[in-house]
Amino acid sequence: MTTATLEQSERRKAWALVAPALLWTVAFFVIPFLYMAAMSLWSRQGRDILRVWNLDNYARFFSESALLRGLTNSLEITLTVTVLSVLLAYPLAWIIAERVPKRWQRMALILAILPFWTSYVVRSYSWLLLLSKGGVINQALLGIGLISEPLEIASNRTATVIGFVHFFVMLLTLTIYSNLIQLSPNYRRAAADLGANAFQTFWHVILPLTLPGVMTGAFLTFVLCIGDYITPQILGGNNELVLPQIIMLQIGRRADFPMAAALSIILMLAVTAAYVLCARWLKIERA
Amino acid sequence: MNRSHSRAASCRLFSSVAAFTLAALAAGQAAAADELNALVWCDHTDPALIEPFEKANDVKVNLKEYEGTGAGLSILEQSQPGDWDVMVVDAVDVHRVIDMGLLGEMPADALPTADLFPELRMEENNTKDGKTYAVTEKFGYNTISFDKTKVDPKDMEDLSVIWSDKYKGRIALYDYYLPMIGLVQLGLGKKTADLSDADMPAIEEKLSAMKTVSKQVSDVVSSQTALATGEVDILVGGGEWITASLAKDKPDLDWIVPKQGAMRWAQSIGVMKDSKKPDLALKFVQYILSPEGQARLATSSCYWGMPTNQKAGEHLADEQKKALRWDDQPAYLKNTQLYPIPTAELDQKMQDAWTNMMQQ
Amino acid sequence: MAFDQQARTSDVLLHQGRLKRVLGSCLSWLYLACIYGFIFLPVAVLVLFSFQDGRLPVPPFNGFSLQWYEAVFADRKLTAALANSFLVATTSSVVACTLGFLAAYALARYKLPGSALQRGLLIAPMTVSYLIIALGLLAVLNTFGIRLSLWTVGIGHVVINLPLCFAVIYASMGDHHINIERAARDLGASDFKVMTLVTAPMLMPSIMAAFFLSVTFSWDEFIIAFLLSRFDVTLPVEIWSMLRSGLNPKTNAIGSLVFLVSVAVLLVLELALFGRSRKS
């Protein structure tokens with residue numbers, strides 16, 4: 001066997017191995033996605049889907065404030081959630097990695113993400129009960145006299161943000177922690193030797209080194225948060241609808257698949273924009 | 001681990017997964033002696049209602065629930081002919097389904113029409129060209145529910161309370177545009193049957209005012225939650241269907257038909273034209289309309305509502321009848337109107353108005 | 001005098017340093033307590049009110065009752081949904097792990113043209129919202145007239161879990177494994193044998209990690225399961241329709257049960273893995 005044919009047979013084998021995964025992805029992800037992109041350029045007339053190419057759906061999106069508000073609401077909520085979650089999760093991951101004794105770290109980390117294993121739907125529902133006027137939080141605060149009127153924290157944007165932040169703090173703590181413990185203590189020692197105080201060490205050494213991990217986590221948060229339907233639907237009280245809610249309205253109430261497709265493409269573009277912004281920190285690499 | 005050992009282990013793992021999968025699939029198949037596919041509202045998914053029929057006829061009833069006619073039609077559009085045997089739909093929308101050519105004719109003498117409340121026979125909705133396509137099975141009201149210890153019940157007698165400032169931030173709006181727009185129309189002193197394009201500007205203005213004074217727009221469960229937890233004190237669009245099942249734990253909840261009137265909802269059930277088991281499907285409809293079936297449907301776990309068959313009263317406890325306000329029905333029937341029946345364009349307009357209101 | 005002053009200053013500095021440290025660690029523990037409180041609040045309240053004696057899972061707590069747990073076990077729709085979820089999660093994860101492993105093996109061990117592109121393609125679904133994946137699949141299935149079922153849900157779950165399995169397994173395929181594989185090949189093992197009997201066992205920890213991650217995601221996934229199912233539904237969808245059919249602590253009970261069982265499974269896995277890693 002010559003090297004050329006050997007290489008050829010090797011290559012054929014490799015193709016055979018990678019083919020099932022590629023075919024699956026193409027058949028059930030790429031084709032549906034392209035089909036949807038095409039559909040977004042059709043329109044629904046009465047009971048039929050008109051297969052005439054046009055940009056009506058997109059034009060409608062930009063001209064109807066109810067739809068456009070969906071996007072701005074989504075972006076505002078998602079950005080708030082992402083920033084808040086990072087700000088809350090970073091110190092937690094830091095304390096677990098630095099202050100908690102080594103042998104308890106694993107336990108502390110598992111505890112921090114344990115509620116992840118309640119059902120997602122149930123978790124949102126639990127927050128709904130917690131945050132309402134007759135709920136545990138308001139009743140407790142009223143009971144100890146900290147407030148005299150119940151707080152308006154249920155069925156609005158605040159509730160949605162709280163529900164989201166709860167979930168993503170767990171996720172981000174995990175990502176950031178795994179980043180922090182990979183840092184060699186030498187970095188810190190070197191910084192200290194050079195006369196940096198704790199804050200300077202953190203700001204100039206630790207933070208930049210963990211930034212890629214934080215950004216990966218933040219990007220993941222962004223993607224999952226902006227595409228989520230359950231949390232805003234259960235907690236938001238149908239005030240300030242987000243894009244996924246509007247998409248579900250299109251399919252659920254009027255079977256307007258073309259419009260739903262157009263809105264999905266817009267959602268997709270928002271995620272792509274976020275990706276481009278974070279791209280230089282994101283990479284998936286082989287050990 | 002030696003090689004044969006590990007191969008045996010992986011073989012075992014694989015075969016047990018395969019066996020499990022096959023067993024589960026077989027179980028799914030074996031259970032299906034005969035199956036009936038029903039597209040229904042959530043009150044039909046109560047096992048207490050369905051199981052007696054399944055046992056009596058040795059059949060499995062597959063249920064898919066939906067909310068709002070738009071959603072139901074959307075599911076039908078995505079299905080093949082013959083996928084569905086039975087459908088429950090808003091009585092006022094029966095003609096939409098007939099016009100799509102989806103509902104089949106039922107023999108009128110197979111149905112207990114004579115036993116129904118006369119106001120609920122609704123021939124103009126359930127029949128076309130003298131043929132019966134559906135029959136009304138349950139009804140109730142979309143009106144004002146409230147916590148009588150927290151608001152002045154006198155205020156609830158006037159529909160204009162739903163856009164007044166008095167209870168600002170303590171009102172929830174039920175998230176279904178048709179009855180809600182109907183209520184606004186009544187509040188404006190007009191009839192729902194006359195609702196046309198020309199009424200929309202005034203309605204939109206009121207919707208906007210309602211949104212301003214409301215706390216939330218919510219589906220069934222969040223409405224219930226909001227009332228039960230004191231998040232809101234008033235639910236516009238509510239009625240016995242939301243308060244009856246909470247009566248035991250929340251006795252302070254009440255509902256009223258204001259002086260301008262309120263919306264009456266009614267749901268109909270029919271057999272699909274392309275059903276492969278029309279006889280079984282008709283049997284199911286007959287069961288639902290029977291006095292026993294009616295009593296179970298009236299007190300179903302999802303929501304309560306009045307049965308249309310007057311004979312169901314014999315199968316309901318006094319307490320249940322009281323929660324349903326059995327004896328007050330004549331007065332309510334007189335002062336309530338059916339949902340508006342919009343054309344496709346008006347329907348689109350109404351939906352847009354509703355979405356705009358939510359997003360305001 | 002001067003010496004005295006200096007000693008005192010250093011004393012103060014030392015004192016300040018200690019104070020700062022104590023303060024810092026106090027703050028840390030306080031923060032820890034607060035955030036753990038935040039994280040566990042919904043779970044604690046969920047479990048507490050699953051024992052509520054009454055229909056309303058909100059304060060006041062009327063007393064202890066197991067009635068809602070009985071209601072859960074008596075609900076055949078819920079138990080069927082549990083079985084469906086289990087079936088979909090395990091089957092879709094087995095498929096996703098298998099496909100992911102094969103692709104990772106091929107891309108890590110062979111030089112293929114356009115391998116960066118292939119990697120990107122395999123990872124791509126990870127950056128797309130589940131809702132969009134579900135919508136696309138739904139539209140295509142409708143067009144081809146394919147009926148929705150647990151199978152279609154499974155297909156969707158493989159789509160979302162394949163990138164994850166691929167990424168996890170691919171990341172663990174270090175070059176140091178190559179020598180062992182080469183040795184096995186030199187001893188006469190066929191490529192297939194090398195892959196299944198040498199590489200797969202070496203990568204077992206990461207394959208198992210991918211599998212359990214994938215089971216977790218599939219188990220808890222809502223929107224795909226909601227849009228692509230018809231009569232047989234998975235647990236999250238059943239809970240959703242339960243929620244819509246009225247307020248009662250049964251939802252709390254099923255939520256608490258799922259939580260306790262998953263935590264138990266998690267602890268067993270953790271102990272098993274932890275125990276093994278300590279031994280070696």
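Author: Two residues are in contact if their C-beta atoms, placed from the backbone, lie within 7 Å. This is a predicted model, in which local features need pLDDT of at least 70 and side-chain atom pairs count only at pLDDT 80 or more, while totals for chains, interfaces and linings use all residues. Residues are numbered from 1 along each chain as its sequence is written, with chains lettered from A and ligands numbered from 1 in the order in which they are written.

On this basis the contact between chains A and B takes 21 residues from chain A and 23 from chain B. On the chain A side, α3 (65–98), α5 (120–131) and α11 (243–254) each supply at least two residues, helices being DSSP runs of H or I with at least four residues, numbered from the N terminus; α11(A) gives the most, with 5 residues. That side divides into 8 nonpolar, 9 polar and 4 charged residues, where Asp, Glu, Lys and Arg count as charged, Ala, Val, Leu, Ile, Met, Phe, Trp, Tyr, Cys and Pro as nonpolar, and the others, Gly among them, as polar.

The contact of chain A with chain C takes 67 residues from chain A and 72 from chain C. Of the chain C side, α1(C) provides the largest share, 14 residues, and by class this side holds 57 nonpolar, 12 polar and 3 charged residues.

Within the pairing of chains A and C, A:F257, A:A260, A:A261, A:S264, A:L267 and A:M268 in α12(A) meet C:I132, C:L135 and C:A139 in α5(C), a contact with 8 nonpolar, 1 polar and no charged residues.
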